[in-house]
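This report goes through one protein model, from the contact between its chains to details of the backbone. The sequence and structure come first.

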Amino acid sequence: MCGTGFGHFRWLAEGGAGQDVGRSCILVSIAGKNVMLDCGMHMGFNDDRRFPDFSYITQNGRLTDFLDCVIISHFHLDHCGALPYFSEMVGYDGPIYMTHPTQAICPILLEDYRKIAVDKKGEANFFTSQMIKDCMKKVVAVHLHQTVQVDDELEIKAYYAGHVLGAAMFQIKVGSESVVYTGDYNMTPDRHLGAAWIDKCRPNLLITESTYATTIRDSKRCRERDFLKKVHETVERGGKVLIPVFALGRAQELCILLETFWERMNLKVPIYFSTGLTEKANHYYKLFIPWTNQKIRKTFVQRNMFEFKHIKAFDRAFADNPGPMVVFATPGMLHAGQSLQIFRKWAGNEKNMVIMPGYCVQGTVGHKILSGQRKLEMEGRQVLEVKMQVEYMSFSAHADAKGIMQLVGQAEPESVLLVHGEAKKMEFLKQKIEQELRVSCYMPANGETVTLPTSLSIPVGISLGLLKQEMAQGLLPEAKKPRLLHGTLIMKDSNFRLVSSEQALKELGLAEHQLRFTCRVHLHDTRKEQETALRVYSHLKSILKDHCVQHLPDGSVTVESILIQAAAPSEDPGTKVLLVSWTYQDEELGSFLTSLLKKGLPQALS
Amino acid sequence: MCKTELIDLSTVDVILISNYHCMMALPYITEHTGFTGTVYATEPTVQIGRLLMEELVNFIERVPKAQSASLWKNKDIQRLLPSPLKDAVEVSTWRRCYTMQEVNSALSKIQLVGYSQKIELFGAVQVTPLSSGYALGSSNWIIQSHYEKVSYVSGSSLLTTHPQPMDQASLKNSDVLVLTGLTQIPTANPDGMVGEFCSNLALTVRNGGNVLVPCYPSGVIYDLLECLYQYIDSAGLSSVPLYFISPVANSSLEFSQIFAEWLCHNKQSKVYLPEPPFPHAELIQTNKLKHYPSIHGDFSNDFRQPCVVFTGHPSLRFGDVVHFMELWGKSSLNTVIFTEPDFSYLEALAPYQPLAMKCIYCPIDTRLNFIQVSKLLKEVQPLHVVCPEQYTQPPPAQSHRMDLMIDCQPPAMSYRRAEVLALPFKRRYEKIEIMPELADSLVPMEIKPGISLATVSAVLHTKDNKHLLQPPPRPAQPTSGKKRKRVSDDVPDCKVLKPLLSGSIPVEQFVQTLEKHGFSDIKVEDTAKGHIVLLQEAETLIQIEEDSTHIICDNDEMLRVRLRDLVLKFLQKF
């Protein structure tokens, strides 16, 4: 019998180097099951590199035949943007699992993204609206903590991840082997979401994002104060503030923050939220209140935090209005759409400010201005000079190094695999995890395959009688020495049962064969047999303290189930013969007794 | 209320809550009995359960009693009192209603769980809640070990109302299915009742009367509001105000909209649009439905007649409903419609008699009826069914209705109040893990076609009720530093048993083997039961019978061990 299976993890396609939120797409093979984790796109590319290269998965043959399921951790496009391409254009008909909020919001973001790509940029060979719809038909929604049985062997379970509405970590389990994939998560609750949580599920492998691998971020409160101060100062001096956001997620958190600040300070400067997704987005938050943080859940009946008094819908004409204002506009990386339009209008005025509240992928305007570029080449060879203030505030809800360590501590994995981060920083975190938590840690490069051997115990059924008998004896005080459980494993097809040997014989209709030994031990002793027996008795009694030694009325001596009788052979009165008799089951003790008695008895103790 | 003196509640490890109606006594257990275990329930169960308790506490606290009579509880006095007082059972165990503080404390002890979540209890059993289709978050429970499965089915519905449909498939392969919480009114069809409700409501309002609906603040009221949403426009009643009066009316309406994941598919998909799953949001928006915490304050200003009032408590003994019974009871234009099945409407009305008001009884109970039960049992096929005694015979008032009882094979085992029942299965096996190192060392042997055996000697390691077999420890190396060994150090541990043997020894082959191994001078004698093999030179005698072998020799250990090993070659070890 062989007790080793193996897990096999393929890190499929991740973005380039640098602080880069690339495409997430991981293939995990575990105990013969193949699961694809996330299906992201790269926002910085407009060509083939935008989508993962699915030919990595299988060169020939259909994806549906190879993959047992696909899991999407949350609705950000770098985790789900390639899904319609994957399922409808490459071709996959198996199940796609995601949480209810992700299922609700995902198609809207995909459609939004498609519109920008196709309608605005005129890209061809892109997925269509119908493809998004068809793709979403393959989605199976999961509840938090629900154990979803993908098939007889493969099960998955979602845990709360914070990060964005509906974000989840997933446990993938086959038999006793398991992998946890965190997706993106945050370990501290924010203004609208709670903190990620997982139980001590001891997976063989934990695949965690490591976006903020080295940062231990200052307290959220400081960052919030900083943000409010900057916004306030800018509008006080008559400037306009542009905050490029994605419609769902950070936007809601910052809206809550500004809303409460405006109310407290009694400010009148208008705040706008770029139209389209906005009201809808807030509506999702209202309907999925159980996914938000505890405070919002507790107070939503009295006051729904997502009904904003100060924040109004934005009209593109407002951008030219004189005077201060704050505008939340999509998309978040200034790569297209309304946020970019507003940015172009406001960039020339040094009174204005743009606050980037999250990452920007390489190649986007957001990334350029954050890296210090002040002269931007726009479409049509136009050069845009950026005079407005550019601020970066990390509000992205990712776990920092402390948070990642915390999660690893919670789940207690056998090993950790870091994805989604910069090599140097990941190296630092890897060392920290290996030294402080003594957990082996991997950080594969893009397209690299990591294989982890796992050692598997074999589950069998033990008869309750055997187990109870064994456990009862384990409770006895003399059970200090390791005791052996003895039984017979019956293997019939794939049904393995461990039973007592007697039961095994009985079940198979076999009779026991008793093997008995009787040894003659000659002793020099002139006394009578009875006295010899008595001497044997006291001798053994003094040596075998842990055993039950008895002197029976018929003159024989027993040690446990071993019988010793003294006899006098007629020819020699000076010799006595001890007959020591035992069964094969008492072999050790019987053999020991004969050699002990052979040495003779000690001189008479009177 | 629970009869707590039967069991010591401090010894209870876990409480599983099936739905929000089944948790009204929870504070009595968690706060005053020494109970320290865990309570499991789904999130909607806890949130709506909290609302029901909050309403109850609020109703009771509105009418504080300076004194409460207790002398009448003396048995000698009680039996002299008029009915129903003299028939009340176990009045000494009656308790005051709990406070909101106790409710909060009780609810804080609940662990939230989701449908199909596997919850490990002490490593020994696993419990799993399943959707029961009866109410928001209502659950059936599976309690299982690796080899046994018990299903607890309580308050389930196969009708399509607002909750997620009942999960029947997961109940399959149960050893025992405990079935309770069937419909109180097996003869009433809920759909018909809803129709009657609407037509009576319309009739009354058209004639200028008011309609009073005594109800709980959550549950069927959502379905009734949805029916009215579709019905009032077509019936020309859109101008008639609907009032929902309860201290938790607002919370109940709000909460109903955020549990999309616990709703039926239709309602769930609305959230994706995104729209609120229940149409009462629109009734509120268009001012057709108004809700108030009580009849005081805003309600008295807004109150217009004729109108429809939904309010509690359905027993008509406390809450705002009492006020409306007194206000409207004298006019035959008005109607009270009973929809909650928990209380006998005649008893509820008794103190208000004589009444001019019309009384309509439309109990809406969506829980399983007997036809649905037999359909369910056919589908799920448990080995045994266990249920309350009442379900195994027709109701006393309709003793000829043999269809109003559970009919299954083998007949259901029934239980009575305060009775302890042993479930009809015997636990035989438990799961144990064999470590890979040990598994590698096992030597399987095919005994019969398809059946292999391997003897296992291993160290049992048990932690948190999980069992693991590890390889036996290597024999310790003799310590060389020790000068003198005591004899007793060598005494073998008698608990290390050798395996059992089976098989038989063919004499001729055995003798040949002996010869091959250098024994000569072998003599074989036949006996009644077998043979005796004599090794004359060694003064050794081997008795061989069908089921036994006996080696009798001098104390020559070398010889004995050689013979032993030759004998063992012919036998199988177990």
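Which side chain of chain B meets E587(A) in a salt bridge? The partner is R560(B), at 3.0 Å from N to O. The model is a predicted one, and the distances and angles below are computed from its atoms.

**Interface of chain A and chain B**

The salt bridge of E587(A) and R560(B) belongs to an interface across which four salt bridges are found. Side chains of opposite charge can pair when their charged atoms come close. Polar contacts across the interface of chain A and chain B amount to 37 residue pairs, with both residues at pLDDT 80 or more. On the side of chain A that touches chain B, strand β26 (residues 514-524) of chain A gives the largest share, nine residues. By class, the residues on that side of chain A are 46 nonpolar, 28 polar and 20 charged.

In terms of contact, 94 residues of chain A meet 95 residues of chain B. The size of an interface is often given as the accessible area lost when the parts come together. For chain A and chain B the buried area is about 8400 Å², and 61% of it lies on carbon and sulfur atoms. Three residues, H513(A), R520(A) and Y584(A), supply 10% of the area that chain A buries against chain B, more than any other three residues.

The two chains also share strand pairing. Strand β24 (residues 485-492) of chain A runs antiparallel to strand β19 (residues 451-463) of chain B, and eight bridges connect the two. Within this pairing, L485(A) is opposite A458(B) in β19(B).

Strand β19 of chain B has a further antiparallel partner in its own chain: strand β18 (residues 445-448) of chain B, over three bridges. Here E446(B) has S452(B) as its bridge partner in β19(B). The hairpin of β18(B) and β19(B) has two residues between the strands, and G450(B) in this hairpin takes a positive phi near 85°.

**Domains**

In the domain assignment of chain A, domain 1 covers 8-216 + 397-453, domain 2 covers 220-392, domain 3 covers 458-468 + 487-512 and domain 4 covers 516-599. For chain B, the domains are domain 1 (1-113), domain 2 (116-182 + 368-423 + 431-437), domain 3 (190-260 + 290-361) and domain 4 (501-573).

| Chain | Domains | Separation of centres |
|---|---|---|
| Chain A | domain 2 and domain 4 | 96 Å |
| Chain B | domain 1 and domain 4 | 77 Å |

**Salt bridges over all chains**

How many salt bridges does the structure hold over all chains? The count is 42. One salt bridge lies within chain A, where the side chains of K138(A) and D93(A) meet at 3.1 Å, N to O. This pair links distant parts of the chain, 45 residues apart: K138(A) is in the loop between α5 (129-137) and β6 (139-142) of chain A, and D93(A) is in the loop between α3 (83-91) and β5 (96-99) of chain A.

**Backbone details**

Most residues other than glycine have a negative phi, and most peptide bonds are trans. A31(A) has a positive phi, near 45°, and sits in the loop between β2 (26-30) and β3 (33-37) of chain A.

Chain B contains cis peptide bonds. One joins Q305(B) and P306(B), with omega about -5°; P306(B) is in the loop between α10 (298-302) and β12 (308-311) of chain B. Another runs from Q353(B) to P354(B), with omega near -5°, and P354(B) is placed in the loop between α12 (345-349) and β14 (358-361) of chain B.

Note on methods: Residues are numbered from 1 along each chain as its sequence is written. Chains are lettered from A and ligands numbered from 1 in the order in which they are written. This is a predicted model: local features need pLDDT of at least 70, side-chain atom pairs count only at pLDDT 80 or more; totals for chains, interfaces and linings use all residues. Side-chain values use heavy atoms; hydrogens and water are left out. Domain bounds come from an automatic or database domain assignment. Contact means heavy atoms within 4.5 Å. Buried area is the accessible area (1.4 Å probe) that two parts lose on being put together, summed over both. A polar contact is a pair of N or O atoms within 3.5 Å; within protein, one must be able to donate a hydrogen and the other to accept it, and residues adjacent in sequence count only if both atoms are side-chain atoms. Helices (H or I, at least four residues) and strands (E, at least two) are DSSP runs, numbered from the N terminus. Ala, Val, Leu, Ile, Met, Phe, Trp, Tyr, Cys and Pro count as nonpolar, Asp, Glu, Lys and Arg as charged, and the others, Gly among them, as polar. Two strands pair if DSSP finds at least two bridges between them.
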